[in-house]
Amino acid sequence: MEKKYNVIVIGAGHAGCEAALACARMGLKTLVITLNVDSIARMPCNPAIGGIAKGQMVREIDAMGGEMAWITDHAGLQFKILNSSRGPAVWSPRAQCDKELYSVLMSKSLQDCKNLDILQSEATRLIVKNQKVCAVQILTGEIVETDAAVVTTGTFLKGRIYLGKDYFEGGRFNERHAAHLSKSLIEDCGLTLGRFKTTTTPRINTLTIDYLKMTEQPGDENPRPFSHFTEVEKWRKNLKQLSCWLTYTNPQTHKIVGDHLDLSSIPISGGESKSPRYCPAIEEKIERYPEKTSHHIFVEPEGYNTNEVYLNGLYTGLPFGLQQQMINSIAGLENAKVIRYAYAIEYDYSSPLQITKALAAKNVPNLFLGGQINGTTGYEEAASQGFVAGVNAALCVLGKSPLILGRNESYIGILIDDITTKGMDEPYRMFTSRAEYRLSIRNDNCDLRLMDIGRSLGLISDAAYKKFELYRNAVRDIYEGNAETLPSDDELTPWSLEKAKEEVYIHKKYEGYIGIQEKIANKVKKNEDRKIPDDFDYNKLVSLSAETKARLNEVRPQTVGQASRIHAIKPSDIAILTVYLEKQRKERKAKGRIDA
Ligand SMILES: Cc1cc2nc3c(=O)[nH]c(=O)nc-3n(C[C@H](O)[C@H](O)[C@H](O)COP(=O)(O)OP(=O)(O)OC[C@H]3O[C@@H](n4cnc5c(N)ncnc54)[C@H](O)[C@@H]3O)c2cc1C
């Protein structure tokens, strides 16, 4: 084992893989340490990538040179554009994946990557000197030096698995948890940790399902890949899509669940650790919506080479016997046999109010955190943060300015701004409704929005960028009506003229609204660009209430724009802050300390 790296990434889940690949591809000597190399990029919950707003994030990662979209195209077994009956602004790609294949392909990407080493071990301690991480200790006691670290430990920190009210220690079912790192994050890095909880659903044997009682949900007739770099026609020829199926819970199911809420591991009304409101357990749905007599259950294949199917919508913390009764009460599942029962998991997370928009710990600037450890839920949210955390760890080592994505240029920017500004009291997931500029940050234009960033980071190859530039020019020419000099599809592949025309069509459809949004964005940008010094003393602002000062001190926003989005901060507070900053700027200018 080598003794020194530029960046050490702890964890090889969806966040860790993107972080490690980004660092290594940016030329830094990178080590990824993970508890179990057989579970790299494992999907412990629904083996699906994308969906509403999440699909946009996957394509944004791809446009900047990340991996998730490409792997999804090659491990996907069903592709659909969600919301296709609505406007293109909210079209969202989703793919059901072969979960084993996904993990194998991602592992292979890590193994093939230059500058990247993989080590199966447990990271137990971050060694911090003078507020900088300088090494990582592993379970054997060995110490590996590093210039920066990225922590992406998912649900593993002091993970505890619940089967009904029974529990035991574990990071996921059949995987051990990480027992030691939480202590180091608290004691060595000064972070405060909280507890969240999440559940998964039972998996059943496809041979025991009566599909005649369900409605078929096939993939799209003309599926679209996630990655901008996938050659569509070739890819379509090789793709064999599998169907999902739809059935429903019924009053009998609800009675079984409702009569036994006290046996569930999910805290229905409060409790110490919160579960995701937007991915509720069936117990929570039945409590929250007593008037509803049925809920959707999507029956989804987990792979080409397995009989296991996933019951999407049946997240539960009930004991095994009740899960069986509940499943057998549903149409088509009367004789269903369970292969894996559902379970809940509780784990440590770190409040993202303790990190900057570069995802760096405020107390330890060369320590980056990404993924579920920041209180989010979902593979795509994890991968997005992993990518940004990895890029920023690399930029930090290289002594360059961090990558900070704006709310008006990407869903990833919104995700990071939301979590680092507002914090959370339940696991955070992305929605289109969180995006104020969703007409401009669409699924179709991720490449036009973000590929230049990927290129400037060195993550988009010369050959791919050349094709992209041809495509971008073609979009411009079509928009301006100069159709004579358009390149051929052969020259544009993997982009195409059809895509360029669609791009222009969509842009023109929204042009008027986008213009209005841009005006608003420019106004907001003024505040966004107005920096607040790191050492700014909010206590000096006597006109602010004690509560406002406390909130500002907790978040320590980097700009006035960020301050304005903090929960319960009023426009009048921002006005006071702006006046004070302006006064301070003028005083400094008068003293000759800054330029005009
Ligand atoms: C039971 C369960 C149910 C879930 N339900 C949902 C859901 O309903 N909806 C949803 O969107 N998401 C759900 N998820 C969450 C989803 O799996 C995660 O959001 C996503 O996988 C997080 O990615 P990550 O990279 O942050 O962490 P993970 O994918 O958890 O990966 C963490 C990685 O870190 C490694 N690791 C941890 N600690 C150490 C250490 N000290 N040293 C070395 N390696 C370490 C692990 O080995 C692993 O490789 C669920 C997860 C579980 C386990």
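A: Helices (H or I, at least four residues) and strands (E, at least two) are DSSP runs, numbered from the N terminus. The model is predicted, so local features need pLDDT of at least 70 and side-chain atom pairs count only at pLDDT 80 or more, while totals for chains, interfaces and linings use all residues. Residues are numbered from 1 along each chain as its sequence is written, and side-chain values use heavy atoms, with hydrogens and water left out.

N130 lies in the loop that joins strand 7 (123-129) to strand 8 (132-138). The phi angle of N130 is near 50°, which is a positive value in a residue other than glycine. P494 is placed in the loop between helix 14 (489-492) and helix 15 (497-529). The peptide bond leading from T493 to P494 is cis, and its omega is near 10°.

Helix 15 also takes part in a helix crossing. The axes (lines fitted to C-alpha atoms, for helices over the stretch in contact, with angles from 0 to 180 degrees between N-to-C directions) of helix 13 (residues 462-480) and helix 15 come within 9 Å and cross at roughly 50°. Helix 13 is therefore oblique to helix 15; angles under 35 degrees count as roughly parallel, over 145 as roughly antiparallel, 65 to 115 as roughly perpendicular and the rest as oblique. This crossing of helix 13 and helix 15 is right-handed, meaning that the near helix is turned clockwise from the far one by less than a right angle. In the contact (heavy atoms within 4.5 Å), helix 13 contributes Y471, A474, V475, I478 and Y479, and helix 15 contributes residues including K499, E503, H507 and E511. By class, the contact of helix 13 with helix 15 has seven nonpolar, one polar and five charged residues. Here Ala, Val, Leu, Ile, Met, Phe, Trp, Tyr, Cys and Pro count as nonpolar, Asp, Glu, Lys and Arg as charged, and the others, Gly among them, as polar.

On helix 3, M68, I71, T72, H74 and A75 meet L101, Y102, L105, M106 and S109 of helix 4. The contact of helix 3 with helix 4 comprises seven nonpolar, three polar and no charged residues.

Five nonpolar residues, two polar and one charged make up the contact of helix 10 with helix 11.
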